[in-house]
Amino acid sequence: MKKIFSPLFHGISDEEWQEMQSVHCMRKTSFEKNAVIFHVGTVVSEIGIVIQGSVHIESNDFQGNRSILSNVSVGQIFAETYALCHEPMMVDVVADENCEILFMNLNILINERYSKCSWQHKFMKNILNASVQKNLVLSNRIFCTTPKSARARILTYLSYQSVKEGHTTFEIPFNRQQMADYLNLDRSALSKELGRMRDEGILEFHKNQFTLKHTVS
């Protein structure tokens, strides 16, 4: 298997990559859009790396209300905390589009028998770094959903995306329903508020592309 582009393999040489494969810790699987990759309540030993497409981390309550916690794009990982802690998953991992996932078995990769292998230390360091980055992403979602008004939530989210992309024109990884689910808003309320903000000259948008012109309280 050709080496996958991901921060998880930063500093790992092609030779070390071959060594990792030789311990039989990897498998690739394809999923169709909306397929559930990991179900809530599942105890997992594998982490997933998105090779193609994207996935959503979702929380669904007993009434069927969905919240999107994060979007995982190509090269990013998911389920690493659950795989390390062996705790039942509290979220669903769902394919946002047709995608291909590389699964890696942590029980094998962090086994003491490979402690002298140069790739193990690099791999664990990269997993730690990736987990810290994901904690920042989840923290940012908390900032986005804390404001009481729909406008404040929208502006907080779009301002973050603008800073992240380094430009006032940018694309978000969500359609309208997904954006509403991410911000814990009703879709119609989100659409109405976006329309008002556009009419007031605060922003422009077309599908998932937005341009921030100026912000107001």
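**Pockets, a glutamate and some cysteines**

Colleague: What's the lining of the largest pocket like, by class?

Modeller: By class, 14 of its lining residues are nonpolar, 11 polar and four charged. Nonpolar is Ala, Val, Leu, Ile, Met, Phe, Trp, Tyr, Cys and Pro; charged is Asp, Glu, Lys and Arg; the others, Gly among them, are polar. This is a predicted model: local features need pLDDT of at least 70, side-chain atom pairs need 80 or more, and totals for chains, interfaces and linings use all residues. Residues are numbered from 1 along each chain as its sequence is written, and side-chain values use heavy atoms, without hydrogens and water.

Colleague: Which element gives the largest share of that lining?

Modeller: H4, with eight residues. Helix H4 covers 118-145. Strand S5 (66-72) and helix H5 (150-165) also supply at least two residues each. (Helices, H or I of at least four residues, and strands, E of at least two, are DSSP runs numbered from the N terminus.)

Colleague: And the second largest pocket, which elements line that?

Modeller: S5, H4 and helix H2 (80-85) each supply at least two residues there. H4 again gives the most, this time five residues. By class, the second largest pocket is lined by 10 nonpolar, four polar and two charged residues.

Colleague: New topic. Where does Glu58 lie?

Modeller: Glu58 is in strand S4, which runs over residues 55-60.

Colleague: Buried or exposed?

Modeller: Glu58 counts as buried, because its relative accessibility is 6%. (Buried is under 20%, exposed over 50%, partly exposed in between, with a 1.4 Å probe and protein chains only.)

Colleague: What is Glu58 in contact with?

Modeller: Leave aside neighbours within four places in sequence. Then Glu58 is in contact (heavy atoms within 4.5 Å) with Arg66, Ser67, Ile68, Val91, Asp92 and Val94.

Colleague: Cysteines next. How many disulfides?

Modeller: The count is zero disulfides, taking a pair of cysteine sulfur atoms within 2.5 Å as the rule. Cys85, for one, is in no disulfide.

Colleague: Which cysteine sulfur is nearest to Cys85?

Modeller: That of Cys25, and it is 20 Å away.

Colleague: Why does Cys85 count as partly exposed?

Modeller: Because its relative accessibility is 46%.

Colleague: What about the relative accessible area of Cys144?

Modeller: Cys144 has a relative accessible area of 1%, so Cys144 is buried.
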